[in-house]
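Dear colleague,

I am passing on the structure below, together with notes on what turned up when I went through it. Please read the notes with the coordinates open beside them.

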Amino acid sequence: MASEVVTRFAPSPTGFLHIGGARTALFNWLYARHHDGKALLRIEDTDRKRSTPEAIDAILDGLDWLGLDYDEEPTYQSRRVERHAEVAQKLLDAGYAYKCFASTEELKQMRAEQRANKQPMRYDGRWRDRDPSEAPDGAPFTVRLKTPLDGETTIEDAVQGAVSVRNAEIDDYIILRADDTPTYMLAAVVDDRDMDVTHVIRGDDHLNNAFRQLPIYRAMEEVEGDWAEPTYAHIPLIHGSDGAKLSKRHGALGVDAYRDEMGVLSDALFNYLLRLGWGHGDREEITRDEAIALFDLDGVGKSPSRFDMKKLENLNGHYIRETDDEALADLVAKKMEGDARTDLLTKAMPVLKVRAKNVHELAEGAGFLFAERPLPMTEKAANLLDDEARARLKDVSSALSAEKNWTSEALEATTKALAQRLEVGLGKLAQPMRAALTGTTTSPGIFDVLVLLGRDESLARIDAQAA
């Protein structure tokens with residue numbers, strides 16, 4: 001076993017990278033980076049019917065977007081079935097496993113009897129001590145691990161603390177199917193050992209699996225040595241804001257949905273997932289470098305964390321305000337239809353990003369910059385442009401046309417002076433101006449809008465609506 005810390009993230013490619021998997025990946029990556037170790041990736045694609053290339057691509061894309069890089073090329077479990085079968089054979093030869101010739105019908109009957117007698121549903125060990133010669137010639141068989149019958153097993157979990165299970169509760173499970181393919185329990189252990197994994201960090205729904213996997217380590221340590229057990233760290237699952245198990249209605253979506261459909265920034269989701277079950281005092285905003293410096297397993301809580309969409313939105317707004325204007329402009333340009341100029345978007349970002357909580361709001365707020373005349377109007381904006389408002393727009397056009405210094409400060413002073421001459425509040429001019437300039441009733445500050453659109457386009461839009 002390697003002396004350095006080695007972690008692994010091991011998703012099954014049967015769908016997208018969901019939010020719980022992303023957090024597991026993040027915790028593994030941070031632990032390795034914090035300890036100057038290795039972060040590895042294993043694609044557990046032994047379920048050939050459900051594993052798809054599209055799902056693998058989606059997982060790799062999601063990890064890359066989150067900024068989680070790995071120190072070696074991914075290991076594909078499906079390419080290692082011969083190695084898994086080799087270990088099963090060694091366990092069989094050494095007497096730590098045995099051939100089970102029980103038919104499907106026999107096992108169904110066994111379970112039916114256990115159900116009727118209200119007994120635990122476990123394999124009853126009917127072939128554990130029988131001689132394989134008792135089976136018919138050529139009969140198919142599975143290979144089962146011979147698990148301890150007495151005593152108990154205790155795991156010193158790095159998150160959960162000491163957890164014990166009576167060995168009698170763990171049946172002799174299958175490690176090699178009748179078609180010579182390995183089960184998850186065997187494959188995961190063999191791969192972890194061969195990848196020199198020192199810390200298995202995963203959801204606490206896998207805690208029971210640890211008690212089933214440890215006997216393989218211990219048996220193989222007896223058979224050939226050099227099968228040191230990893231440190232286990234089982235992280236509590238994520239619940240919805242109502243305390244129920246996380247589902248799609250709470251936000252249990254793929255990472256790609258947060259990026260593409262909800263306009264969440266990578267840094268924001270990274271930070272939010274970090275704080276979902278791990279804490280450092282009352283710190284909310286933590287950069288990637290700070291996360292690497294601070295993260296350790298003693299900061300992971302034992303209770304389920306609650307997913308809060310509002311918190312994620314607020315955090316995303318923070319990161320939008322912190323993000324470089326040019327980088328934001330590139331993101332927004334990709335969301336907008338048509339030829340959205342990134343130079344103009346970059347110029348507009350300081351005023352667009354003040355209140356935006358996601359990239360979609362930025363794109364929506366920037367729409368007026370690229371709208372063509374005649375400007376489309378929302379119903380609310382159209383209602384603002386009554387005869388009185390249109391008459392005032394004519395006065396606004398005359399006043400602004402005379403303005404030689406096209407800056408927000410100068411334009412504001414000119415408009416305020418006009419409002420005083422007309423003896424109206426500034427809003428009586430600003431609201432119809434906003435409707436005429438943007439086609440909406442919400443926008444950045446109206447004088448910033450005038451500067452961004454420029455003299456000619458601004459006056460043309462006002463004149464188009466003036467009486």
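The chain holds 19 helices and 12 strands, where helices (H or I, at least four residues) and strands (E, at least two) are DSSP runs, numbered from the N terminus. Its radius of gyration is 32 Å, well over the 23 Å that the globule rule gives for 467 residues, so the chain is more spread out than a compact globule; the radius is taken over C-alpha atoms, and the rule is 2.2 Å times the number of residues to the power 0.38. Along the principal axes, the C-alpha trace spans about 105 × 45 × 35 Å.

Before the details, please note that this is a predicted model, in which local features need pLDDT of at least 70 and side-chain atom pairs count only at pLDDT 80 or more, while totals for chains, interfaces and linings use all residues. Residues are numbered from 1 along each chain as its sequence is written, and side-chain values use heavy atoms, with hydrogens and water left out.

Of the 467 residues in the chain, 47% are buried, that is, under 20% relative accessible area, as against exposed at over 50% and partly exposed in between (1.4 Å probe, protein chains only).

Four bridges join β4 to β5, and lysine 99 stands opposite valine 143 in β5.

Tryptophan 127 lies in the loop between α4 (104–116) and β5 (142–145), and it counts as buried because its relative accessibility is 5%. Although tryptophan 127 and cysteine 100 are 27 residues apart in sequence, they are 5.4 Å apart in space, C-alpha to C-alpha.

Towards the other end of the numbering, helix α18 (residues 446–453) is mostly covered, with six of its eight residues buried, namely Ile446, Phe447, Val449, Leu450, Leu452 and Leu453. These buried residues pack against α12 (342–352), α15 (387–401), α16 (408–422), α17 (427–438) and α19 (455–465). Just after α18, glycine 454 takes a positive phi of about 85°.

With best regards

Note on methods:
Contact = heavy atoms within 4.5 Å. Pairing = 2+ DSSP bridges.
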